[in-house]
Amino acid sequence: MTLALDTLYEAWWIQIIKALLIFSVALGILPLVIVYERKLLGRFQNRYGPNRVGPFGLLQPLAEIIKFATKEESRPVTSVGPLYYLAPVISIITAVAAFALVPFGDVANIFGSRVGLYGVDPSIGPLYVFAFGAIAFYGLMLGGWASGSKYSYLGAMRAAAQLISYEVSQGLALIGVVITAGSLSLTQIVHAQGGMWYFIPQFVGFIVFTCASFAETNRSPFDLVEADAELVAGYFTEYGGTRMVAFLFAEYLNMLVVSGIAVTLFLGGWLLPFGIHPPTWVDPFIVLAKMMIFVSFFIWIRATLPRLRYDQLMSFGWKVLLPLATLNALVTAIVVVAVHS
Amino acid sequence: MSWSPGDDQIVVQRAPAPGAAGGTYRAFGETLRGLKTTLARVAEGVRTIQYPEEKVPVYPRFRGRHKLHRFEDSPDNGGHAGLEKCVGCSLCAAACPADCIRVVAAENTPEQRVSAGERYAAVYEINISRCIFCGYCEVACPFDAITMGHDFELSDYSRADLIFTKEMLLAEPIEATPLRAEGE
């Protein structure tokens, strides 16, 4: 039970470089994730997906960004100006801020100075994620309300109900991990998984966290917030051009963040099984590979499950996930106390 | 006046609702079954035909764009080799339900012999944008001069370009449409 963190001194310029690097990695990965999702979704439906723009269709997102950027930026007369413009900004900022938390590796020795391969490693790791998740919800809510449209408003209302219900289960699912690791620092949690990755002892927590993550990121089968069949596009119905891209960007980034958190907390972060210890520079790629596996699972689920009905969504969240998560936290606490005494 | 359903009402038989455990098991079991189904689609591979590069071969009796024919270079053609089969009788134009064929006949002369008969088609135009590809022209023709070909890529940028003249109909298509082999 150590709470002692490596007191890591990094020069200010290292921190700026790290911040820029994380932002550019996020910006670089996102288009690839979007192409990857569309191509994999195609494979699940016996088709290729985009393969015309550039080699293997890799330039498809570039073409789409150019298309969106050249669209007219219009807004409804009923919308509330400042809030309407603020909403996508909030979404983006919170998503990038949460991405800074994902540890891509341990403290590495780069040119004689010790650098942590992560944006920040606060001693309250998961809480930081949930804090930014809660602020990100303002992006959805303000966007939906300030649009002054009924579809947007309905989408925002659904987002409010859904995110609040599932955030509870998501948080409770993590408590088991935190108790087992004895730390809230994400790097410490990864270190604690040296013996066994937590998705084995915390299997229930892992399942609950995964289910809740689908709801938190508005992914199918919990994409009621966007439900294109009934709500056009939910909270961002009235957005167009680059502002809509900002919302989509934040949504995919949130998917990456959730994958990163799941990899860190349950799938051993940068650790490899069977006692393989690669050099430090491989660590970020291990984390990225694990994240991509998790993202593939997201896409697999999207290709499989239809959207839930609203009452099913609520009863699943409150009647199944929440009791499971509570029970998991309780049992873990008892077991940990029993083992340590 | 309200409608009375009468006596023949059907009582719907429903299975008992699953309990909490049963429902959870059923939900997760069915989810796993669904995941298996979609993964099997990945294993199955891609069924797309990459159209402009790959084409679906057409059947021999496929009714595509029309062709006009000449006599082939063979001894049993009675010295007609190279002449047009069309004699300008306008039966195809009469048979055409869409009224898209225009034929203007002219007399053959000993100096200028175009077809095997007395007359030939001086003008033979098909407005492809009006054609419904029914094949009646082919049936009406007494000399098998017009047949339905296999070309189906007929889009163009202006309507005027879709009026096919005699020369265009007589010429071989620039790109051959793949034909389905016997038994395929």
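Which residue stands opposite Ile126(B) in β5(B)? That is Phe164(B).

Before going on, the conventions. This is a predicted model, where local features need pLDDT of at least 70, side-chain atom pairs count only at pLDDT 80 or more, and totals for chains, interfaces and linings use all residues. Residues are numbered from 1 along each chain as its sequence is written, while chains are lettered from A and ligands numbered from 1 in the order in which they are written.

Now the sheet. Strands count as paired if DSSP finds at least two bridges between them. β3(B), residues 119-127, is joined to β2(B) by seven bridges. Among the bridge partners, Ala105(B) goes with Ala121(B), and Glu107(B) with Arg119(B). Between β3(B) and β5(B) there are two bridges, again antiparallel.

Next, the contact between chains, meaning C-beta atoms, placed from the backbone, within 7 Å. Eleven residues come from chain B and eleven from chain A. On the chain B side, three are nonpolar, five polar and three charged; Gly counts as polar here.

Last, confidence, as pLDDT, which runs from 0 to 100 for each residue. Chain A averages 83, with 97% of the residues at 70 or above. Residues 1-6 of chain A stay under 50, and the model gives them six contacts beyond four places in sequence.

Notes. Two residues are in contact if their C-beta atoms, placed from the backbone, lie within 7 Å. Helices (H or I, at least four residues) and strands (E, at least two) are DSSP runs, numbered from the N terminus. pLDDT is the predictor's confidence in each residue, from 0 to 100.
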